Amino acid sequence: MASKAAKPCNPKEVLLDELCEVLRKSFPSEIMTKEYINALSSLNILFPGISVGALDILDKGHVFRLQTNMGRHIHQVVGNGGQLYYIFNVDVPCCSCAVFKNNMTKSNPTSIPSSYCQHLLAAAIAGRLDRVTTKTISENNFLQIVTSFMVDTEYT
Ligand SMILES: [Zn+2]
């Protein structure tokens, strides 16, 4: 079964939950069902321009949960160009990439939960499909990542 956190109330999150459930049922199979193809198609409509990149990241297994022995964690996504991006949950999920920052500055703050980049989408799908690989990192490494994220980010 999927490990789900609180039930999402954002319409995109609800649809993403439903689409991922279809993808989950079909995942290990090589056979593409009509439902599977419809789910991929809907994903592309729901997240235009980023769904293909997100699925590519997912297929490569490039979504990681970096966890310390103290239980602190962040998600790391390897972008399609090989760059490392970090995803933090600061009220809502935030990505360290330029696209996400750009979306944040252009959008109304109330629409932030529906702002996705391909890294956030890849992490959201990977979480729902249990395709996140956990790596252990040190507390120092965790703090370095968080500090660099906060320094580079101006979410005000
Ligand atoms: Zn991103």
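**Close-up 1. The crossing of helices α3 and α5 is right-handed.** In this predicted model, helix α3, which spans residues 51–59, packs against α5 at an angle of about 55 degrees, and the axes of the two helices are 8 Å apart. On the α3 side the contact is formed by S51, G53, A54, I57 and L58, which meet Q118, L121, A122, I125 and A126 of α5. Sorted by type, the residues of this contact comprise 7 nonpolar and 3 polar, with no charged residue.

**Close-up 2. D130 sits in the loop between α5 (118–128) and β5 (133–136).** Although D130 is not a glycine, its phi is positive, at about 55 degrees. Most residues other than glycine have a negative phi. D130 counts as exposed because it has 11 C-beta neighbours inside 10 Å, and the limit for an exposed residue is 12 or fewer.

**Close-up 3. I137 lies in the loop between β5 and α6 (139–152).** With 19 other C-beta atoms within 10 Å, I137 is partly exposed, because a residue is called buried if 20 or more such atoms lie within that distance. When its neighbours within four places in sequence are left aside, I137 is in contact with L66, T68 and F142. The view also takes in R72, which is 65 residues away from I137 along the chain, while the C-alpha atoms of these two residues are separated by 9.6 Å.

Notes
Residues numbered from 1 in each chain as written. Predicted model: local features only at pLDDT ≥ 70, side-chain atom pairs only at ≥ 80, totals over all residues. Helix = DSSP H or I, 4+ residues; strand = E, 2+ residues; numbered from the N terminus. Contact = placed C-beta atoms within 7 Å. Axes fitted to C-alpha atoms, helices over the stretch in contact; angles between N-to-C directions. Left-handed = near helix turned anticlockwise from the far one by under 90°. Nonpolar A, V, L, I, M, F, W, Y, C, P; charged D, E, K, R; others polar.
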